[in-house]
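Please view the model alongside the text.

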Amino acid sequence: MNNVTDSQVLGDLLDQIPPDERIDSVLTDGAYDKKYCRQVISDRQAHAVIPSRKNATPWKDKKLRSLERNELLKTVKCLARKIWKKWSGYHRRSLVETKMHCIKLLGDKLSARNFDSQVNKIRARIAVLNRFTALGRPHTQVVTEI
């Protein structure tokens, strides 16, 4: 669907996670810096880790999501964006983005038509990536003195 933005489907994405499964935090890019997104995340009792847009201004309403975002604006202004990203753990999002890019390098289209087959193809791609990652990881071994 080319007429729907990522931020518009955030609620649908979070709804795929069972309601009884706890979500600690949701890390997104600045395109999700919207009241709707922060509310959807808050409804799941999760912490929103969303950088404000560079030209962001404080929100006027007094809802918790707005107060938290306004505090974020003050923090970024005082500390700088780079420090906020380290402090908030935002850099973890880039690790996920990198892994998704690797999955897409194995082919960004799914030729299977039914959903179960598509899921199996994605699982196979992930298994291949995990195997390659494991091959490149060093194995450390504790050496004890005799």
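Axes here are lines fitted to C-alpha atoms, for helices over the stretch in contact, and angles run from 0 to 180 degrees between N-to-C directions. Helices (H or I, at least four residues) and strands (E, at least two) are DSSP runs, numbered from the N terminus. The model is predicted, so local features need pLDDT of at least 70 and side-chain atom pairs count only at pLDDT 80 or more, while totals for chains, interfaces and linings use all residues. Residues are numbered from 1 along each chain as its sequence is written, and side-chain values use heavy atoms, with hydrogens and water left out.

**Helices α2 and α3**

- Helix α2 (residues 35-43) and helix α3 (residues 64-79) have axes that come within 10 Å and cross at roughly 115 degrees.
- α2 and α3 are therefore roughly perpendicular to each other (angles under 35 degrees count as roughly parallel, over 145 as roughly antiparallel, 65 to 115 as roughly perpendicular and the rest as oblique).
- In contact terms (heavy atoms within 4.5 Å), Lys-35, Arg-38 and Gln-39 of α2 meet Arg-65, Ser-66, Arg-69 and Leu-72 of α3.
- The residues of this contact between α2 and α3 comprise four charged, two polar and one nonpolar; Ala, Val, Leu, Ile, Met, Phe, Trp, Tyr, Cys and Pro count as nonpolar, Asp, Glu, Lys and Arg as charged, and the others, Gly among them, as polar.

**Ser-66 in α3**

- Ser-66, a residue of helix α3, is buried, with a relative accessible area of 0% (buried means under 20%, exposed over 50%, partly exposed in between, with a 1.4 Å probe and protein chains only).
- Not counting residues up to four places away in sequence, Ser-66 touches Lys-35, Trp-59 and Asp-61.

**Helices α3 and α4**

- α3 packs with helix α4 (residues 81-88) at an angle of about 120 degrees, and their axes are 7 Å apart.
- α3 and α4 are therefore oblique to each other.
- From α3, Leu-72, Thr-75, Val-76 and Leu-79 meet Arg-81, Ile-83 and Trp-84 of α4.
- Five nonpolar residues, one polar and one charged make up the contact of α3 with α4.

**α5 and the loop after it**

- Helix α5 (residues 91-105) has 15 residues, and just after α5, Gly-107 takes a positive phi of about 125 degrees.
- Leu-110 sits in the loop between α5 and α6 (115-136) and counts as partly exposed at 32% relative accessibility.
- Leaving aside neighbours within four places in sequence, Leu-110 is in contact with Gln-118, Lys-121, Ile-122 and Arg-125.

Terms used. The expected span of a helix is 1.5 Å times one less than its number of residues.
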